[in-house]
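Dear colleague,

Please find below the structure that I am handing over to you, together with its sequence. My notes on it follow directly after.

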Amino acid sequence: MKGVFRVYHKVYRASGVYLEAYNTEGAVGDHVIVYPQKNKPVEGEIIGFNEDRCIIMPFSQPSGIKAGDRVWIRKEHVSTVVGKNLLGELLDPFGRRLSDGSLPAGEKKPILLEDINPMERERIKEVFDCGIRSVNALLTLGKGQKVGIFAGAGVGKSTLLGMIVRNSKADAVVLALIGERGREVREFVEDVLGEEGKKRSIIVVTTSDQTPILKVKGALSALVHARYLADQGMDVLLVMDSITRLAMAQREVGLSAGEPPTMKGYTPSVFYMLSKVVENCGKFRKGSITGIFSVLVEGDDISLDPVADSLMGVLDGHIILSRKRANAGIYPAVDPVRSLSRLMPQVVSKEHMQVAMYVREILSAYEAMEDMVNLGLYSPGSNPLVDRAVRHQEELREFFKQKVVEKVSYEDSLEALKSLYGKLI
């Protein structure tokens, strides 16, 4: 077509995982394509500026790029493809199928998170049935709630997430695997998620060997998919494994853009992005997004991890997995004493709340005296709550145990809780 032309810029410098190019018209967030002379084009995004040059974070390995190579700034944001027809697909952050790289049919959307007016949010009043007995009964979630699963490595976060994806009663699931090991992607989809879970899921994948900006885009792309489905009136479950790897990726992007590091090297943009991601979940006028995020806790101590500590303040609840309970063979290893659902009083009956609080009180009392009981130093009769916990230790253990393939509805969870309560009083 006559009159159509491109303006190319030039690569000025390459350093680590980012490039610098001369810039006259680019803006932060613009999509960029670099054309090495011998290798394939490399796509990327502008993340900042250095005087008259733009800082570009490539989406792939910048191998073969040298000073003077052509740079095309497209003057548009990086986008993905959304649609209900994508349910059952494994996608990269840009909507391309992982199997063959093809782009499915759908609506094009920029990978951006919009601000949400607080008054456009609806109050959360409905129970979200996650299919896990201990969570449904003692830490009941609501449709549109955002909650974190906090645990150290190897305690069962991914397995619990897979159970929730399979067992929940959401209309659709958007699963974001951020910085996942390449070996575990197929295992998670086939073994943990299963065919039933995959059919109603959009799975956005980035692996650990990919660039930091691609991991960030993967998380944001998953939210764009979830928001689109919610706008269609669907109740969406968004599962992100893990939001800690998103924070680490954003830290690398921020440091490359020249941000000052704070505690443990995390830059200010990390905590802004975490709150932005979490706040895009909620109950809206048409649909809802229930967000469940896995959080890797360094050394099993939340107070020592700035990401986990920050998320505690912006989430509507936290499910903490206990290594001690996992070692004792209790799976899922939910810690009922330290975990909390802030919206539980709004979505359950007063009777359910009272029964749950009583069971938690007994578990808390027993935990405080557990070492004394195990050492034989506890005198029966000293504390009636501890006595009941000791007498019904096996029933309490069985209540929290649940097989990976077992699905327990909210109604069945409540009945099991009432049955346990009847034995404890």
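I begin with Pro-332, which is found in the loop between helix H8 (323-327) and strand E19 (340-341). The model is a predicted one, and in it the peptide bond that leads from Tyr-331 to Pro-332 is cis, with omega near -10°. A cis peptide bond also joins Asp-241 and Ser-242, where omega is about 0°. Ser-242 belongs to the loop between strand E15 (235-241) and helix H5 (243-256). Such sites deserve a look, because most peptide bonds are trans and most residues other than glycine have a negative phi.

Lys-75, in strand E6 (residues 70-77), has a phi near 60°, a positive value in a residue other than glycine. Its relative accessible area is 52%, so Lys-75 counts as exposed. Lys-264 has a phi near 55°, which is likewise positive, and it lies in the loop between H5 and helix H6 (268-279). With a relative accessible area of 42%, Lys-264 is partly exposed.

Which residues does Leu-417 touch, not counting residues up to four places away in sequence? They are Ala-137, Leu-138, His-352, Val-355, Ala-356, Val-359 and Phe-399.

Ser-221 is a polar example of a covered position. This residue lies in helix H4 (residues 212-231) and is buried, because its relative accessibility is 0%. Residues up to four places away in sequence aside, Ser-221 touches Thr-80, Pro-93, Ile-111 and Val-204.

At the N-terminal end, H11 is capped by Asn-383, which places a side-chain oxygen 2.9 Å from the backbone nitrogen of Leu-385.

The loop between H10 and H11 contains Leu-377. Is this residue buried or exposed? Leu-377 is exposed, because its relative accessible area is 53%. Together with Met-372 and Leu-375, Leu-377 forms a nonpolar patch on the surface, and the three have about 310 Å² of accessible area together.

Finally, Lys-423 lies in helix H13 (residues 410-424). A relative accessible area of 42% makes Lys-423 partly exposed. Leaving aside neighbours within four places in sequence, Lys-423 is in contact with His-392 and Glu-395. Lys-423 and Leu-304 are 119 residues apart in sequence, and their C-alpha atoms are 39 Å apart in space.

With kind regards

Technical notes:
Residues are numbered from 1 along each chain as its sequence is written. This is a predicted model: local features need pLDDT of at least 70, side-chain atom pairs count only at pLDDT 80 or more; totals for chains, interfaces and linings use all residues. Side-chain values use heavy atoms; hydrogens and water are left out. A polar contact is a pair of N or O atoms within 3.5 Å; within protein, one must be able to donate a hydrogen and the other to accept it, and residues adjacent in sequence count only if both atoms are side-chain atoms. Helices (H or I, at least four residues) and strands (E, at least two) are DSSP runs, numbered from the N terminus. Buried means under 20% relative accessible area, exposed over 50%, partly exposed in between (1.4 Å probe, protein chains only). Contact means heavy atoms within 4.5 Å. Patches are made of residues with over 30% relative accessible area and no salt bridge: like charges are joined within 9 Å, nonpolar side chains (Val, Leu, Ile, Met, Phe, Trp, Tyr) within 5 Å. Accessible areas come from the Shrake-Rupley method with a 1.4 Å probe; for residues, only the protein chains shown count as cover. A salt bridge is a side-chain nitrogen of Lys or Arg within 4 Å of a carboxyl oxygen of Asp or Glu.
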